[in-house]
Amino acid sequence: MKQKKKKSLILKIGVLLLIICIYLFVGPVNRFINQMIFYLSMLNLESLKQYILSFGIWAPIISFTLMILQSVAAPLPAFLITFANAALFGWVKGAILSWISAMAGAALCFYIARFLGRDTVEKFTSKFAIDSVDEFFNKYGKHTILIARLLPFMSFDLVSYAAGLTSMSFVSFFIATGIGQLPATIIYSYVGDMLTGGAKLMMMGILTLSAISVLIYVLKKIYNDKNKVS
């Protein structure tokens, strides 16, 4: 058993070092990722659209990669990519692309946390952020995931990382993420870059109410389960 754990640890460290080395020492990869981070950090929808469009037929792949990148790097915004996808590919195709790529990003974050552990996750996020959500994930499992996905102000990747550090199964995490992420993806895609001011506040209100509704349902279920046990 100890030998297996030792081999597993060596493999995890090796994978992490390989990824870091590729980023640091493979010039084209380094420049490509840094350029993506630059366009995301600009928080400029038009610039991001032009960047994605500049890749021609590869534009959907670039958009997919951007979503994966923002999932791994906590401070980067996801909604800009969703807006850009809707503007470039139409709201239906844009929504599908955004949802699929967000799900892939969520899965990646989950497995980074599951295989590389807490220390690695804290480097991507922060110790305080991870500690603050650990207890809720351990206690409420997939219900917490669903509520967090419905809340527009919750960090997408932090939720995914935190879930990977718990004992919950990937299937439960993936289903809850898919259901919870769908409303925001559809609304962001449909409204697109017209979503400003009062409209944005209204959308946040709708999603928050949805999350509250789910929370009430979960609390009621927990209360009923406790009564059955007693």
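## Helix content

A helix here is a DSSP run of H or I that spans at least four residues, with numbering from the N terminus. In this predicted model, T144 lies in one such run, helix α8. The chain holds 11 helices and zero strands, and the pattern along the sequence reads α-α-α-α-α-α-α-α-α-α-α.

T144 is buried, because its relative accessible area of 14% falls under the 20% cut-off. In sequence, T144 and F173 are 29 residues apart, and their C-alpha atoms are 9.7 Å apart in space.

## Burial and surface

Of the 230 residues in the chain, 38% are buried. The accessible surface is about 13,100 Å², and carbon and sulfur atoms account for 71% of that area. Among contacts between residues at least 6 apart in sequence, 74% join residues at least 24 apart.

## Nonpolar cores

The largest nonpolar core contains 28 residues, and those with the most contacts inside it are L48, L66, I145 and F173. At least two residues of this core come from each of α2 (27–41), α3 (45–53), α4 (59–72), α5 (79–89), α6 (91–124), α8 (142–150), α9 (156–164) and α10 (170–191). The helix that gives the most is α4, with five residues.

L48 shows how contacts reach across the sequence: leaving aside residues up to four places away, L48 touches Y39, L40, L66, L80, I81 and A84. A second, separate core has nine residues, including C109, A113, L158 and Y161.

## Packing around α4

Two packed helices are described by the angle between their axes and the distance between the axes. For α4 and α5, the angle is about 170 degrees and the axes are 10 Å apart. This makes α4 roughly antiparallel to α5, because the angle is over 145 degrees. On the α4 side the contact is made by A59, P60, S63, L66, M67 and Q70, and on the α5 side by I81, T82, N85 and F89.

The pairing of α4 with α9 has an angle of about 65 degrees, with the axes 7 Å apart. These two helices are therefore roughly perpendicular to each other, a term that covers angles of 65 to 115 degrees. Here Q70, S71 and V72 of α4 meet F156, D157 and Y161 of α9.

## Helix α5 and its end

The buried residues of α5 are L80, I81, T82, F83, A84, N85 and A86. Just after α5, G90 takes a positive phi of about 90 degrees.

## Cysteines

How many disulfides does a search of the whole structure find? The search finds zero. A disulfide is a covalent bond between the sulfur atoms of two cysteines.

C109 is buried, because its relative accessible area of 0% is under the 20% limit. C21 is partly exposed, because its value of 36% lies between the 20% and 50% limits.

Key. Residues numbered from 1 in each chain as written. Predicted model: local features only at pLDDT ≥ 70, side-chain atom pairs only at ≥ 80, totals over all residues. Heavy atoms only, no water. Core = buried A, V, L, I, M, F, W, Y, C linked by side-chain atoms within 4.5 Å. Buried < 20%, exposed > 50% of the residue type's maximum accessible area, 1.4 Å probe, protein only. Contact = heavy atoms within 4.5 Å. Areas by Shrake-Rupley, 256 points an atom, 1.4 Å probe, with all protein chains shown as cover. Disulfide = S-S within 2.5 Å. Axes fitted to C-alpha atoms, helices over the stretch in contact; angles between N-to-C directions. Parallel < 35°, antiparallel > 145°, perpendicular 65-115°, else oblique.
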